[in-house]
Amino acid sequence: MTLSFSPLLPWVVIGILAAIAALLSSVGLWRGVRGAVLRSCALAALVLALANPVFFQEEREPLSTVVAVVVDRSQSQDYSGRREATDAALAELKERLAKFPQIEPRIVEAADDAETEAPATKLFGALSTALADVPPARVGGAIFITDGQIHDIPDVNQPLGFDAPVHGLITGKADEYDRRIEVRSGPRFGIVGEEQTVTFRVVDDGAAPGGTAQVSVSLNGNPIATEQAEAGTDVPFSFKVPRGGNNILEFAVAPVEGEVTDANNRAVHVLDGIRENLRVLLVSGEPHAGERAWRNLLKSDAAVDLVHFTILRPPEKQDGTPINELSLIAFPTRELFVDKINEFDLIIFDRYQHRGVLPILYYDNIAQYVENGGALLIAAGPEHAGDDSIATTPLSAVLPAAPTGFMSEKAFYPRLSEEGRKHPVTRGLEGAEVEPPRWGRWFRTVDVDRPLGQTVMEAADGKPLLVLNRVGEGRVAMLLSDQGWLWSRGFEGGGPSVSLYRRTAHWLMREPALEEEALTARANGRSLEISRQTIQGDPGAANLIYPSGRTEQVPLTENGPGLYKAAVRTSETGLFEISNGDLSTLVHVGAVDAPEFKATISTEETLRPWSEKTRGLVRRVADASGALDMPPILPVRGTVRVADDDRLSLRMTDETVLKGINSLPLFAGFLGLGLLLLALSATWHREGR
């Protein structure tokens with residue numbers, strides 16, 4: 001209760017009246033006037049009434065003590081029964097806190113951010129959010145239920161925002177150990193065919209057995225090496241970049257019995273292969289209208305180094321032309337087809353026929369080049385149906401179609417076959433979606449027997465026009481007409497000659513995006529996009545293996561001819577494995593160096609500095625037998641000055657909230673009137689005597 005004044009007159013006036021009353025009282029008392037004491041009391045009561053004293057009494061309600069309970073729901077809590085232990089500890093903690101009505105628990109569950117690519121356990125950020133609207137004086141403490149792998153712990157010398165104990169209830173076992181592998185360094189880009197070095201390390205966390213670990217290395221899903229690595233030692237690994245585009249190098253360390261998880265026993269390094277320059281050898285059998293179409297296409301590609309020879313006159317032709325007018329340089333057949341043949345990525349024979357320029361043995365050399373991984377393109381014309389066709393040489397062993405000796409001279413629109421509508425080389429060619437196709441006609445083709453491989457384009461009467469085939473480790477394409485130049489010249493509106501020629505050439509040189517049977521996947525944030533290219537029909541569902549080991553059958557939906565896709569939204573991050581039939585691929589969702597996967601063993605050490613500073617407690621939620629063992633709660637009034645090794649100390653707040661104020665004027669109403677009347681009547685009574 002407090003006393004305050006609400007004067008009825010200005011304080012200056014009351015002061016003057018009080019001075020006059022004091023003067024009169026003093027004179028009366030000095031002269032000994034009868035009744036001066038009573039008159040003084042009456043004047044004092046009158047002045048006090050003018051000052052209007054008021055008693056105030058506040059009605060206050062005590063505020064609750066807010067205790068933050070931060071529950072770790074990150075991926076590392078999925079291991080070794082930690083999630084079940086977390087649920088049990090949370091239920092027990094709720095029950096115990098409920099016994100204290102003055103405690104208000106703020107429970108916040110901190111999971112991985114669904115949008116971030118580098119998952120981490122950020123419990124202190126969740127704590128700050130939970131207490132953002134709570135005054136520091138009301139905070140009674142913070143309790144973390146976690147495995148101890150926290151990645152946003154502030155420095156212990158930084159302010160936390162409140163002065164109350166920080167406790168840690170740790171899931172997991174004290175003697176856990178785990179073996180993992182991580183990529184320490186490696187290039188982001190590499191030249192195709194050149195050697196690159198990636199450094200990896202095997203790491204043992206906790207009481208792992210240590211020693212030598214066996215590491216299996218795979219490149220684009222194919223095993224390429226097995227290495228021995230000492231735990232904690234950087235190991236360099238060298239390999240040659242096999243192809244352009246995306247290359248996935250995977251390191252897998254053999255699991256250790258009893259380790260926390262084998263989900264981090266694999267690590268990947270993604271490297272983009274860059275072709276320094278594609279070397280193409282173009283040999284034209286004779287000058288013709290379509291020769292420049294091939295040359296212009298290849299010369300326009302900055303990534304292609306083109307070597308082009310045209311046979312102006314065969315050796316048997318003798319017309320008296322001086323040798324120095326036949327060619328600028330001699331045709332270096334031995335150098336090209338023996339010494340340096342393996343340096344070329346693609347060899348093109350454009351309307352070439354066997355007329356003695358190349359020795360017969362060289363054709364066998366070209367066939368071996370193809371079988372060993374080379375690429376060959378035959379652009380055939382009438383010469384391919386004649387007696388000097390290269391199909392009569394040892395090169396016939398790798399050609400997908402043999403000529404019958406006849407030419408078809410019927411006008412036709414080149415059309416995509418059923419396989420061609422699905423094959424990435426010809427799928428979606430502009431103008432092919434209508435009948436007849438929206439492009440110009442051609443007028444002749446080489447008639448061939450039933451070809452091997454895939455016939456992706458057809459001529460008149462459904463005869464083969466473009467045939468693609470694999471031979472050994474190499475690839476061969478045959479274009480059975482020499483009139484593709486009509487499209488280049490715009491005849492009857494032209495056609496997609498550039499797209500067709502370029503796709504064919506890049507398929508021959510193993511462009512991954514043009515593979516007819518392929519399974520690919522890419523990550524877009526936390527979404528996984530799966531693509532299956534096939535010319536065989538519905539491939540069925542894809543099998544998806546999550547980083548945690550969980551498997552899921554993902555149905556693939558047709559997205560176009562020969563193209564099936566699926567999108568999966570995942571809460572997990574890490575290395576995913578996708579398989580369909582004989583094909584498999586790997587994709588990493590999130591950053592490859594995400595903190596969540598670097599260490600998985602539970603630990604008490606991360607929270608201990610904060611618990612010691614704030615006089616809190618860090619202990620495991622389960623005893624050695626695995627039974628739940630939760631410490632009791634100890635409410636403490638005032639600042640917690642001593643740490644309790646067995647109980648969760650919580651600082652109880654003294655904060656209150658004002659609910660109302662009661663006021664009592666001293667001279668208002670009957671009480672004030674009674675006091676004044678008593679003083680006046682006493683004076684009158686004294687005068688009457």
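Start with Glu529 and Arg522: their side chains meet in a salt bridge, 2.9 Å from N to O. Keep in mind that this is a predicted model. Color by accessibility and Glu529 comes out partly exposed at 26%, and Arg522 is partly exposed too, at 48%.

Next, pick Glu250 and Arg266, another salt bridge, at 3.2 Å N to O. This one ties together distant parts of the chain, with Glu250 in strand β13 (residues 245-253) and Arg266 in strand β14 (residues 266-274), 16 residues apart. Is Glu250 buried or exposed? Its relative accessible area is 9%, and under 20% means buried, so Glu250 is buried. Arg266, at 27%, is partly exposed.

Now jump to Arg444 and Asp482, whose closest N and O atoms sit 2.7 Å apart in a salt bridge. Both are in loops: Arg444 between α8 (418-422) and β21 (445-448), Asp482 between β24 (474-479) and α9 (485-488), with 38 residues separating the pair. Arg444 is partly exposed at 22%, while Asp482 is buried at 9%.

Last stop: helices α5 (residues 291-299) and α10 (residues 497-508), whose axes come within 11 Å and cross at roughly 70°. That makes α5 roughly perpendicular to α10, and the crossing is right-handed. Show the side chains of Ala293, Trp294 and Leu297 on α5, and Val498, Tyr501 and Arg502 on α10, to see the contact. By class, it has five nonpolar residues, no polar ones and one charged.

How values were computed
Residues numbered from 1 in each chain as written. Predicted model: local features only at pLDDT ≥ 70, side-chain atom pairs only at ≥ 80, totals over all residues. Heavy atoms only, no water. Axes fitted to C-alpha atoms, helices over the stretch in contact; angles between N-to-C directions. Helix = DSSP H or I, 4+ residues; strand = E, 2+ residues; numbered from the N terminus. Parallel < 35°, antiparallel > 145°, perpendicular 65-115°, else oblique. Left-handed = near helix turned anticlockwise from the far one by under 90°. Contact = heavy atoms within 4.5 Å. Nonpolar A, V, L, I, M, F, W, Y, C, P; charged D, E, K, R; others polar. Salt bridge = Lys/Arg side-chain N within 4 Å of Asp/Glu carboxyl O. Buried < 20%, exposed > 50% of the residue type's maximum accessible area, 1.4 Å probe, protein only.
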